[in-house]
Amino acid sequence: MTTPNCLGNHDHQSKELSQVLVLEPPPIMKLHGDQFLNDFQLLKAWESPLPLDQFLSIHAQSVKALLTPGRYPLTKNILQLIPSLQLVVTTSAGLNHIDLPEFQRRGIAIASAGDVYSEDVADMAVGLLIDVLRKISAADRYVRKGLWDTKAEFPLGSKLCSKRVGIVGLGSIGQEVAKRLQAFGCRIMYTSRNKKPFVSYPYYSNVLELAADSDVLIICCGLTEQTRHMINKDVMLALGKEGVVINIGRGAIIDEKELVQCLVQRELAGAGLDVFENEPHVPRELLTMDNVVLSPHRAVRTPESLTAMCEHVKGNLEAFFSNKPLLSPVMNI
Ligand SMILES: O=CC(=O)O
């Protein structure tokens with residue numbers, strides 16, 4: 001049985017080998033439609049009137065590839081409904097929506113966003129940092145409110161050049177952040193799972209020690225059980241009253257309650273946040289703080305990066321269906 005409005009625009013028989021299941025459309029499809037995947041037969045679960053489990057048991061028993069956005073949780077339960085799955089292509093850089101041990105157990109390969117978004121995310125991290133230090137958003141509000149012409153003095157910002165910047169996670173995003181901030185005259189240091197032999201920035205195996213030696217912490221790592229709430233009160237106190245935290249990773253890498261508490265009690269100078277623990281919820285206290293810059297999880301999204309992602313997704317699917325190496329494998333099993 002087929003449900004014509006949720007199967008792509010290709011003849012089912014001739015495209016049987018290149019079916020791609022899509023549970024929920026990723027942002028690239030919202031911007032570009034699905035023309036870029038014309039060479040595949042898309043099974044669009046979200047367009048079906050059937051409950052998901054029924055849709056999958058009718059249409060997805062032999063499907064081998066799944067395309068998914070970052071926020072869709074790929075759990076053991078979903079995997080059980082797609083028994084032939086061999087590949088997931090996720091359009092996200094983060095992998096915290098995927099039950100990695102279960103994927104490993106089942107031998108399902110994952111292709112990630114690779115470094116397609118890294119430059120844009122790094123630009124956003126630097127933008128947030130400059131905004132917090134030089135109070136650009138706050139200055140904009142001050143001017144718009146007509147306060148320039150009054151006695152309400154606008155406070156001084158703080159210099160970026162020569163700041164000691166601790167990068168948490170020196171993957172491709174962290175490296176792009178480091179490159180940019182080095183050009184601004186900052187002193188770069190980092191922590192990550194392992195010391196990177198190809199950089200000369202000082203390495204810290206411990207985030208607490210990194211924080212104690214830094215003016216700014218920029219969170220560029222993924223969310224895992226090891227990194228959840230890694231940036232806690234102790235780390236923020238070690239960063240100190242003049243310290244700034246920037247987060248373009250995942251909200252839950254910071255203990256958000258403790259972050260709010262440190263900001264309220266002025267144990268930290270400021271924060272630039274693109275990500276939050278329970279998006280789209282943003283803690284109420286942050287909304288009125290001029291030393292905090294907020295962004296609605298948009299660091300990866302530029303038209304350019306989304307266009308590049310279309311090519312990247314297509315390349316990964318083509319590689320998979322022609323038995324070639326994936327462009328951005330997370331693990332090949
Ligand atoms: O946050 C966005 C992503 O992980 O791609």
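Is Ser-18 buried or exposed? I began with this residue in the predicted model. Ser-18 sits in the segment before strand 1, which covers residues 19-22. I found a relative accessible area of 13% for Ser-18, so I wrote it down as buried, the cut-off being under 20%. I then listed its contacts. Leaving out residues up to four places away in sequence, Ser-18 touches Asp-39, Phe-40, Gln-41 and Phe-321.

**Entry: Asn-77**

I noted Asn-77 as exposed because its relative accessibility is 54% and the cut-off for exposed is over 50%.

**Entry: the nonpolar cores**

I looked up the largest nonpolar core and found 52 residues in it. Leu-181 and Ile-218 have the most contacts inside this core. Helix 5, residues 118-134, gives the most to the core, namely eight residues. I made a note beside this: in soluble globular proteins, nonpolar side chains tend to be buried together.

What is Leu-181 in contact with, leaving aside its neighbours within four places in sequence? I listed Val-126, Leu-129, Leu-160, Val-165, Cys-186, Ile-188 and Ile-218. There is also a second, separate core of 30 residues. Among its members I noted Leu-210, Met-236, Leu-273 and Leu-286.

**Entry: the ligand**

Which residues are around the ligand? I recorded Ser-92, Ala-93, Gly-94, Tyr-117, Arg-250, His-297 and Val-300. I sorted this shell by type and got three nonpolar residues, three polar and one charged.

I then looked at distances to oxygen atoms of the ligand. For Gly-94, a backbone N or O atom lies 2.8 Å from a ligand oxygen. For Arg-250, a polar side-chain atom lies 2.7 Å from an oxygen of the ligand. For His-297, an N or O atom in the side chain is 2.6 Å from a ligand oxygen. Taken alone, the ligand exposes 190 Å², and the protein buries 89% of that.

**Entry: Val-199**

I located Val-199 in the loop between strand 7 (187-191) and strand 8 (203-204). Not counting residues up to four places away in sequence, Val-199 touches Leu-170 and Tyr-190. I compared its position with that of Met-230. Val-199 and Met-230 are 31 residues apart in sequence and 24 Å apart in space, C-alpha to C-alpha.

**Entry: backbone angles**

I wrote down the general rule before starting: most residues other than glycine have a negative phi, and most peptide bonds are trans. Then I looked for departures from it.

Where is Lys-135 found? I placed Lys-135 in the loop between helix 5 and helix 6 (136-144). Its phi is near 60 degrees, a positive value in a residue other than glycine.

His-229 also has a positive phi, near 60 degrees. I found His-229 in the loop between strand 9 (216-219) and helix 9 (233-239). Its relative accessible area is 31%, so I marked His-229 as partly exposed.

What kind of peptide bond joins Glu-279 and Pro-280? I noted a cis bond, with omega about 5 degrees. Pro-280 lies in the loop between strand 11 (270-273) and strand 12 (292-294).

Conventions
Residues are numbered from 1 along each chain as its sequence is written. This is a predicted model: local features need pLDDT of at least 70, side-chain atom pairs count only at pLDDT 80 or more; totals for chains, interfaces and linings use all residues. Side-chain values use heavy atoms; hydrogens and water are left out. A nonpolar core is a set of buried Ala, Val, Leu, Ile, Met, Phe, Trp, Tyr and Cys residues joined through side-chain atoms within 4.5 Å. Buried means under 20% relative accessible area, exposed over 50%, partly exposed in between (1.4 Å probe, protein chains only). Helices (H or I, at least four residues) and strands (E, at least two) are DSSP runs, numbered from the N terminus. Contact means heavy atoms within 4.5 Å. A residue is near a molecule or strand if one of its heavy atoms lies within 4 Å of it. A polar contact is a pair of N or O atoms within 3.5 Å; within protein, one must be able to donate a hydrogen and the other to accept it, and residues adjacent in sequence count only if both atoms are side-chain atoms. Accessible areas come from the Shrake-Rupley method with a 1.4 Å probe; for residues, only the protein chains shown count as cover. Ala, Val, Leu, Ile, Met, Phe, Trp, Tyr, Cys and Pro count as nonpolar, Asp, Glu, Lys and Arg as charged, and the others, Gly among them, as polar.
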